[in-house]
Amino acid sequence: MTRSTPSRTAAGRGVAFSASPVLAVKLPAWRSRLVLFFLFIAFGALAARAFWLQAISTDFLQKQGESRYARTLEVPATRGKIMDRNGEVMATSLPVRAIEASPDDVQASKEQLQEFATLLGIGYGDLKKKLDSDRNFVYLKRQVDPELAKRILDLNIPGIRTSKEYKRSYPAGPAAAHLLGFTDYQDVGKEGIEYIQQKSLAGVTGSRRVIRDRQGRVVEDVEHLREPRDGKDLTLSIDNKIQYLAYTQLQQAVDKFNAKAGAIVVLDVKTGEVLAMVNMPTFNPNNRQGVDPSVMRNRVMTDTFEPGSTMKPFTIARALDKGLITPDTVIDTPPKLTMGPATIGDSHPHASSMTVTNIIGQSSNVGTVKIAQKLESHDMWDIFTAAGFGQQPRFGFPGAVAGRMKPYKSWRPIEQATISYGQGISVSLIQLARAYMMFARNGEMIPLSFQKLDRPPVAQRVLSERAARQMRLMMEKVVSSEGTAPFAQVRGYRIAGKTGTAYKVEGGQYVKKYVGSFVGLAPVSDPRIIIAVMIDEPTGPQHFGGQVAAPAFSNVAAGTLRLLNVAPDAPITNVILPAAPLTETM
Amino acid sequence: MNQRLIFPVLALLLLCALLLVNSQYQARRLFMELERTNMRQQANEIEWAQLQLEQSNLAKHARIDAMAKSTLAMQPPPASRTQYLTLGTP
């Protein structure tokens, strides 16, 4: 702008702005003050409002805000897997969905509902009935595959929701059903290992607060309220292959002898680990609908029976240990032994005197009682207690029993006599199997374990090594062609064992029902496994332990020894079967 | 003095503000990525469990046993046809 350019403004004409005649209007001073005052009032109101929002009602507002975008999310934790000793999965949890409905909110066309019913796999009528219920929440179907659940949600029926749950799968199915047990819909263990190890298997659900955006995506972590903790995986001592082998053999034996039930336990002698534990009858843990609860009982743990002759080795071992007899001592064995009103006899004729070895081999009651009479009652009590009879096994299996053994002070002579050959005392199969540890481990007992161990547990000596070895050699005679269990022989391996056959007790009375059992160890030169077989109520013509339980033992032992890579300790021509095997005394 | 300092400080302030915006953006972006990765990890874990289960199911002894016997017509070797090799013996 140069002065040469004429300006049209007053200032341009050299008149000061404040002196502009336009402004020369005389206004009262209070008007500007009033405007100023209102402006201050307005600012004051803003300040007050700001103070109100920021300081006074801030908590309320923050809460309101948070409730619109902050959410507490559950962080799921999965239940631990159960694996066998070789890392094969025996139980695992997979997420599935439950289909739920709020019947009042459900609005759908008939076609939609029909399609829905087809997807659910239920009839249209059933679905309609469920949706007509008065309750405001119903489960339509549980444990639904996630993909199917997604297809159901895609139908977009209002009032139908899904929620997350877990399904436990057991690949081994019926073969390990009793051992593993099962979980309920909430993934809580109800039986077997699942129940015992619930604490360590169960995961702890975590939770965290997050901020979500409009589309529901998590955009910021506010805080971790609780860290989730996944359940610990569990490695069992069980060998899946041996478990399956035992299962098939037991199934065959139970079918063949038309038995009511049966059980097999396989133990590792070196470590005390349980390699297999099977029960018949069994059930499918993957689908338990309509299964009779009695079938779910783990008979190895919960059922006791009178062991019968499988007890004889303990009585005789005690006498050997005390030096009262040697394997070659000759004992008078009359055909019948009368004690007061009772008579003890043997089921088959035998010589009027027998060596201790033959008494075991031919399972003579009379001979065993004669030896028991040389012992004090507390001697027998001591060895039975050391073997674990009458004591609760410490595994925590639901319903595990201690068995029945009267205190020795109240034994009458006849009781001491019958207990010496396994009547008047009751044991569970797991107790019986473990008790044979003392013979397999040269006089030592070790605790059993269902979990894989890093090192063997501490052993406790209960019998002299000499007595245990002598007992093993005598029990080898049981499976010879002159013994009661030639069918227990295994090609290439020396086997020692003992048969047992006992009448069942029902309502305090012996009834004409049998429990046939066989407990054996192999190989005799350096035992690696103990196998106990129990066949409950075989109803065919055969019911002796040597007939019904020994063949199953032989098959399981042959397979297990091969699987464990145990070197044979006998020529493969060692199996000699007699024309008519000896039946054992009851 | 004061007049001259005000512009650099203003520029610095502006820079800081922009950096803050940027780092907030980066934080959000990384967080989203973390979330996605976590989700993927979970999905992978589930898939792994499923595959493990499938493996167990396919390698089930019952199944192998049945297939070996029926489709392949196999049978366990009898002891008479088994030769044991012992370490240390010629």
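How many bridges join β6(A) to β7(A), and in which sense do the two strands run? Six bridges join them, and the strands run antiparallel. The views below come from a predicted model, in which local features need pLDDT of at least 70 and side-chain atom pairs count only at pLDDT 80 or more, while totals for chains, interfaces and linings use all residues. Residues are numbered from 1 along each chain as its sequence is written, chains are lettered from A and ligands numbered from 1 in the order in which they are written, and side-chain values use heavy atoms, with hydrogens and water left out.

**View 1. The three-stranded open sheet of chain A.** The strand order is β1-β6-β7, with antiparallel pairing. Its edge strands are β1 (70-75) and β7 (218-226), each of which pairs on one side only. Neighbouring strands are turned by 30 degrees against each other on average, direction ignored; axes are lines fitted to C-alpha atoms, for helices over the stretch in contact, and angles run from 0 to 180 degrees between N-to-C directions. Strands (E, at least two residues) and helices (H or I, at least four) are DSSP runs, numbered from the N terminus, and two strands pair if DSSP finds at least two bridges between them.

**View 2. Strand β6 (residues 206-212) of chain A and its partners.** β1(A) and β6(A) pair over six bridges in the antiparallel sense. Thr72(A) has Arg209(A) as its bridge partner, and Ala70(A) stands opposite Ile211(A). Towards β7(A), Ser207(A) is bridged to Arg226(A). Six of the seven residues of β6(A) are buried (under 20% relative accessible area; exposed is over 50%, partly exposed in between; 1.4 Å probe, protein chains only).

**View 3. The five-stranded open sheet of chain A.** The strands follow the order β10-β9-β21-β20-β19, with antiparallel pairing. At the edges stand β10 (274-280) and β19 (496-506); each has a single partner strand, so one side of each is left without a neighbour in the sheet. From one strand to the next the twist averages 10 degrees. Eight bridges pair β9 (residues 261-268) with β21 (residues 529-536) in the antiparallel sense, and Val266(A) has Ile531(A) as its bridge partner.

**View 4. Helix α13 (residues 365-372) of chain A.** Seven of the eight residues in this helix are buried, among them Asn365(A), Thr368(A) and Ile371(A). At the start of α13(A), a side-chain oxygen of Ser364(A) reaches to within 3.4 Å of the backbone nitrogen of Val366(A).

**View 5. A nonpolar surface patch on chain A.** Val35(A), Leu36(A), Leu39(A), Phe40(A), Phe43(A) and Leu46(A) make a patch of about 670 Å². Leu39(A) lies in helix α1 (residues 29-56) and counts as partly exposed, at 46% relative accessibility.

**View 6. Ser70(B) in helix α2 (residues 61-70) of chain B.** Ser70(B) is exposed, with a relative accessible area of 55%. A polar atom of its side chain lies 2.7 Å from the backbone oxygen of Ala66(B). The C-alpha atoms of Ser70(B) and Leu14(B), 56 residues apart along the chain, are separated by 80 Å. Chain B has two helices and zero strands, and 10% of its 90 residues count as buried.

How values were computed:
Patches are made of residues with over 30% relative accessible area and no salt bridge: like charges are joined within 9 Å, nonpolar side chains (Val, Leu, Ile, Met, Phe, Trp, Tyr) within 5 Å. Accessible areas come from the Shrake-Rupley method with a 1.4 Å probe; for residues, only the protein chains shown count as cover. A salt bridge is a side-chain nitrogen of Lys or Arg within 4 Å of a carboxyl oxygen of Asp or Glu. A polar contact is a pair of N or O atoms within 3.5 Å; within protein, one must be able to donate a hydrogen and the other to accept it, and residues adjacent in sequence count only if both atoms are side-chain atoms.
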